[in-house]
Amino acid sequence: MSILTFTLILILGAYLAGLVGSLTGLGGGVVVIPLLTLVFHVDIRYAIGAALLASIANSSGAASAYIKEGITNIRLGMFLEIATTIGAVLGALIAVYTPTNTIAIIFGSVLLFSAAMTLRKKNQEALTEGSKLSAMLKLDSSYPGPDGPISYKLKNVGGGFSIMTLAGVMSGLLGIGSGALKVLAMDTAMKIPFKVSTTTSNFMIGVTAAASAVVYLQRGYMDPIIAFPVVLGVLGGAFTGAKLLTRINPQTLRIIFCVAITFVAFEMIYNGYQHNF
Amino acid sequence: MDTNITSKKIDMKKTDTVILQERDVEKTVGKLLRTGVFTACIVVLIGGILLLSQYGTCAMPDYRVFKGEGSEFITFDGIIVGLFTFKAMAIIQFGVLLLIITPILRIAFSLFAFAVEKDRLYVVITMIVLGIILFSTFSGLKI
């Protein structure tokens, strides 16, 4: 295959990855890894490098739009970034000692979990009673609703912080944003309304991915010939996805994509189990 | 009665400006992220077009086996040297570098913003995050 053909096919694939990633809320990185490994037979280490770039591009692009609306809780994001960046650095370290087949199996499992999380019932309620720690850290805030600002408070800050560290480890190990784990920490543990948790999670993904991307770049995991179509394709797809989201109700699409992603997850686990990586 | 109303008005104005400032900071953060991603994109595109015009018909490298990138693509100096000699792949890699730096710059800007707001707690929290990323960059974790 010539470089031109490779670029054109990959740009199209990355565009779809960005589109699916933004419509399901899973992020572009999650689709880039199976695309590169299963379709193009690229070594999973190059795929992880490319996925990190996709995650950063996706997060920075989308976060800038959400911040405009004033939903993102910047203080909460900053505080939890301590957990995710420590986790990301640890994950990038662990990656050196983890066989690629094991990484593929872990990736498949996280993918299954993420697909399930996308379809779960979301936390809509805003807490009126928060914990002391949350007040001390100034994490309680409000976001614009249809009838004026809605205030919310947080609890279980320690529990959320721990899950965030795990999310960081997964992000550093696999190159994905692990948005599903981040939302689990904020939504289920800290009881934050899902509008705030999804946008704040997205806001944090860029910084988390950057913390391990600096390691992977120096390890030589980032190849320019792969990076070029992936970065442009994913960004284009994410942009289209964000436009579509305001016009259509993505619930049906979400279910279709989640079923598709479940198949991909089993494929990754099977191939990892068969030592195909 | 009159004085009460005016003092209330002043109070409202005060909170208005505080909220306005915070929203300004958030808007700047958003603009910073957008500009970073956009610039990185343009640089990657320029490098990519150059790459295709020079090597488009060449066979693609075998990515089934992991070899890792050479020093010209993994060190700052290497990328900059390649950039100034107008090498297509180095230009793409410079765009990649810009993309990675964008969220880190966002942290640095937040540090400045929290300092202006005199929010000491969050100045410390932001410094911890920035410290972890700088440690990750310069500690040679690459192995």
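Tutor: UniProt positions are given here in the numbering used for this structure, feature names are shortened, and annotations may be inferred rather than shown by experiment. The model is predicted: local features need pLDDT of at least 70, side-chain atom pairs count only at pLDDT 80 or more, and totals for chains, interfaces and linings use all residues. Residues are numbered from 1 along each chain as its sequence is written, chains are lettered from A and ligands numbered from 1 in the order in which they are written, and side-chain values use heavy atoms, with hydrogens and water left out.

Student: Which residues of chain A does UniProt list for "transmembrane region"?

Tutor: The unreviewed entry lists residues 46-67, 79-97, 161-181, 201-218, 225-246 and 252-273 of chain A. Helices (H or I, at least four residues) and strands (E, at least two) are DSSP runs, numbered from the N terminus. Residues 79-97 of chain A are 100% helix and 0% strand, with end C-alpha atoms 29 Å apart. For residues 225-246 of chain A, the span is likewise 100% helix and 0% strand, and the end C-alpha atoms lie 34 Å apart.

Student: What does UniProt list for chain B?

Tutor: For "transmembrane region", the unreviewed entry gives residues 32-53, 73-89 and 121-141 of chain B. Residues 32-53 of chain B are 100% helix and 0% strand, the end C-alpha atoms being 32 Å apart. Residues 73-89 of chain B are 76% helix and 0% strand, and their end C-alpha atoms lie 8 Å apart.

Student: How many residues does the contact take from chain A and from chain B?

Tutor: Contact means heavy atoms within 4.5 Å. The contact takes 61 residues from chain A and 61 residues from chain B. Buried area is the accessible area (1.4 Å probe) that two parts lose on being put together, summed over both. Between chain A and chain B it is about 5600 Å², of which carbon and sulfur atoms give 74%. Arg75(A), Met78(A) and Gln218(A) supply 13% of the area that chain A buries against chain B, more than any other three residues.

Student: How many salt bridges does the rule find across the interface of chain A and chain B?

Tutor: A salt bridge is a side-chain nitrogen of Lys or Arg within 4 Å of a carboxyl oxygen of Asp or Glu. The rule finds four across this interface. In one, Arg75(A) pairs with Glu117(B), and the closest N and O atoms are 3.1 Å apart. On chain A, the elements giving two or more residues to the side that touches chain B are helix H1 (3-24), helix H3 (44-69), helix H4 (74-97), helix H9 (194-219) and helix H10 (224-247).
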